[in-house]
Amino acid sequence: MSVLLDVQNVTKRFGGVVANERVSLTVRQGEIAGLIGPNGSGKTTLFGSVSGAHAVDGSDILFKGHSIRHLRSAPIARRGLLRTYQQTRIYDDMTCTENMAISAREAQGSLLSLLRPVPPATNAHAGDLLGFVGLYEKRGDKAGSLSFGQQKLLEFAMALMNEPKLLLLDEPTAGINPTLITGLIDRLRRANTELGVTLLVIEHNMRVIMNRAHRITCLAHGRVLAEGAPEEVREDKRVLDAYLGVA
């Protein structure tokens with residue numbers, strides 16, 4: 001599989017605090033890659049660097065072979081790299097279908113696109129994706145009325161509206177009722193296998209990430225501690241020590 005994302009020795013500082021130090025990782029096209037590590041290890045900061053939320057202080061980030069380190073979030077998204085967040089970013093007072101439509105318009109990066117009528121094809125595509133994540137019956141409901149787990153499914157569907165090549169998921173199962181986790185994970189798997197979306201997932205649920213990821217990178221104290229197949233990372237003493245507070 002070809003390399004889709006190539007993070008090359010990236011460093012990110014906030015004042016005197018080094019959040020990431022010479023972090024390198026690759027994500028290959030078509031895989032589900034996992035990013036794990038204790039709280040404060042720099043995972044979300046790395047997502048912010050990759051998705052254009054803030055500039056990096058050293059080295060480079062390549063997406064589809066081209067540097068994106070100097071780009072902001074909108075142009076990176078238009079190239080096919082999107083992310084979700086630990087806390088959902090949806091419009092509570094809009095219906096699920098309206099949220100889907102505005103997500104597609106935001107990706108166009110034009111204020112005029114927000115003022116035009118929604119094309120029928122966009123609404124049809126929104127309905128298909130809401131069905132894909134199990135929210136078709138909720139399509140006319142206000143997003144704020146959904147449970148937190150359903151809101152995460154909606155945000156996932158909103159990201160899929162833009163047909164991403166790579167989707168960064170920041171703790172997709174956090175705060176979700178256990179009965180919804182299996183359904184969410186199944187949708188992630190199907191997006192990967194059926195829609196061809198490559199996934200890079202931050203996840204604290206070890207059972208979920210160990211069972212679904214093809215490869216895993218573990219961060220600790222802002223640095224790469226270990227990487228490899230799930231079974232290799234699971235048995236790495238450095239990883240166990242980091243989670244137990246020994247590292």
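This is a predicted model: local features need pLDDT of at least 70, side-chain atom pairs count only at pLDDT 80 or more; totals for chains, interfaces and linings use all residues.
Residues are numbered from 1 along each chain as its sequence is written, and side-chain values use heavy atoms, with hydrogens and water left out.

View A. Helix 5, residues 120–132, contributes the most, with three residues. Helices (H or I, at least four residues) and strands (E, at least two) are DSSP runs, numbered from the N terminus.

View B. Two strands pair if DSSP finds at least two bridges between them. Strand 1 (residues 3–14) and strand 2 run antiparallel and are joined by eight bridges. Find Lys12: Asn20 in strand 2 stands opposite. Strands 1 and 2 form a hairpin, with two residues between them. Gly15 sits in that turn, with a positive phi of about 65°. Strand 4 (residues 58–63) and strand 5 also run antiparallel, joined by two bridges. Here Phe63 has His66 of strand 5 as its bridge partner.

**View C. Asn9 in strand 1.** Asn9 is partly exposed, because its relative accessible area is 31%. The terms are set by cut-offs: buried means under 20% relative accessible area, exposed over 50%, and partly exposed in between (1.4 Å probe, protein chains only). Beyond residues up to four places away in sequence, Asn9 touches Arg22, Val23, Ser24, Gly58 and Ser59. Contact here means heavy atoms within 4.5 Å. Asn9 and Gly58 are 49 residues apart along the chain, yet their C-alpha atoms are separated by 7.2 Å.

**View D. Two positive phi values, at Ser59 and Lys64.** Most residues other than glycine have a negative phi. Ser59 is not a glycine, but its phi is positive, at about 65°. Ser59 belongs to strand 4. With 32% relative accessibility, Ser59 is partly exposed. Lys64 has a positive phi too, near 55°. Lys64 is in the loop between strand 4 and strand 5. Its relative accessible area is 42%, so Lys64 is partly exposed.

**View E. Ser67 in strand 5.** This strand spans residues 66–67. Ser67 is partly exposed, since its relative accessible area is 34%. Setting aside neighbours within four places in sequence, Ser67 contacts Asp60, Ile61, Leu62 and Arg79. One of these gives a polar contact: the Ser67 side chain meets the Asp60 side chain at 2.7 Å. A polar contact is a pair of N or O atoms within 3.5 Å; within protein, one must be able to donate a hydrogen and the other to accept it, and residues adjacent in sequence count only if both atoms are side-chain atoms. Ser67 and Asp6 are 61 residues apart in sequence and 9.2 Å apart in space, C-alpha to C-alpha.

**View F. Thr88 in a loop.** The loop runs between strand 6 (81–83) and helix 3 (96–108). Thr88 counts as buried because its relative accessible area is 17%. Apart from neighbours within four places in sequence, Thr88 contacts Phe148, Gln151, Lys152 and Glu155. The side chains of Thr88 and Gln151 make a polar contact (3.5 Å).

**View G. The hairpin of strands 9 and 10.** Strand 9 (residues 215–220) and strand 10 (residues 223–228) pair in the antiparallel sense over five bridges. Leu219 has Val224 in strand 10 as its bridge partner. Two residues lie between the strands. His221, in the turn, has a positive phi of about 55°.
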